[in-house]
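Biologist: Hi! Could you walk me through this one?
Modeller: Happy to, let me bring it up.

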Amino acid sequence: MSYFWYILLNNVVPLTVMIAIGVVLYRAFKLDIKTLSKLNFYLFSPAIIFKMLYESSISLVILGQTLLFFFLFFALMFILAEIVIRLRRYQGGMIPAMRNTVIFYNSANYGVPLNQLVFVGDPFTLSIQIIIMMMQSLLPNTYGIYSVNASKRNDMRKTLRTIMTLPVIYIIPLAFLMKGLDIPVPGPIYAPINYISNAFIATALITLGIQLGSMKWKLNFSDVMLANVLRLLIGPAVGFGIVMAMGIEGVMAQALVLSCAVPSSLSSVLIAVEYDNEPEFTSQVVFSSTVFSIFTVTSVIYLISFMT
């Protein structure tokens, strides 16, 4: 029960307050969500990715195992999402919207503090979560953008050029290179990186709030709940099956399963807003999955305690 209240008070309530601020700001000033979206893609997200990768301690063995787990999990969740898309006979933008809310999850500003709460600041489990976070930052900015534009039959050459302008695909190898070669970041540059990365969570959540505030709130209940079931219930079950199949045990298995249990990613909203692809549905899924995760994540934390 203490986990429930801790998650509620330290994860969900602060997120909800920031989202509510975004709603109020939109109602008061009709803020331009496209500008905020671009700031997230081109400034705040690259800064926090660089900072976390540069400051992390990740061994090659853990990197390899975690990446293998991630790609297996991603592939299986992708297949499950595709099955649902075919059965529901989605058309147009709903295809990538449903897919993105299932396969992209909030591994950064929800997953990292959750990991450190459950594992009491363990640097080993943090390194696992950071690898997951890295991939969950790279894929939305590459495949996520590609899939949305493909559904709209946009010029793929233009889409690829757009992807190649996104800083995050260069920031990740740069952070690894500088860390591997022990290249220090000059203080006058690292200080702005810290300032900008500290603003990422607030800006992303306010962007979500502004999107929610601008919606007409025509709730598509069945589709929203279906995305929640896939993300919050099926996701951790698939993660558990993969760690069992890979023979991973102990705290690493627990950390990997927990990483699958978090709600849908803010990146899904940013992509939906930036490319006008079902932003209302996506925002509703991200918001509702964050609220429902109070109960589902608490259950996952309890269940992984039996994994040895």
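This is a predicted model: local features need pLDDT of at least 70, side-chain atom pairs count only at pLDDT 80 or more; totals for chains, interfaces and linings use all residues.
Biologist: Great. Is helix H13 largely enclosed or open, and why?
Modeller: Largely enclosed by the rest of the structure, because eight of its 10 residues (250-259) are buried. Buried means under 20% relative accessible area, exposed over 50% and partly exposed in between, with a 1.4 Å probe on protein chains only. Helices are DSSP runs of H or I with at least four residues, numbered from the N terminus.
Biologist: And what covers the buried residues of H13?
Modeller: The cover includes H3 (60-88), H5 (111-118), H6 (123-138), H12 (221-246) and H15 (279-304).
Biologist: New topic: how many aromatic pairs are there in the whole structure?
Modeller: A search finds nine. Rings of Phe, Tyr and Trp (its six-membered ring) pair if their centres lie within 6.5 Å; planes under 30 degrees apart are stacked, over 60 edge-to-face and the rest tilted. Among them, Phe78 and Tyr143 are edge-to-face, 6.0 Å centre to centre with 65 degrees between the planes.
Biologist: Which parts does that pair tie together?
Modeller: Phe78 lies in H3 and Tyr143 in H7 (residues 140-151), so the pair links parts 65 residues apart in sequence.
Biologist: Is Phe78 buried or partly exposed?
Modeller: Phe78 is partly exposed, at 24% relative accessibility.

Conventions: Residues are numbered from 1 along each chain as its sequence is written. Side-chain values use heavy atoms; hydrogens and water are left out. Helices (H or I, at least four residues) and strands (E, at least two) are DSSP runs, numbered from the N terminus. Contact means heavy atoms within 4.5 Å.
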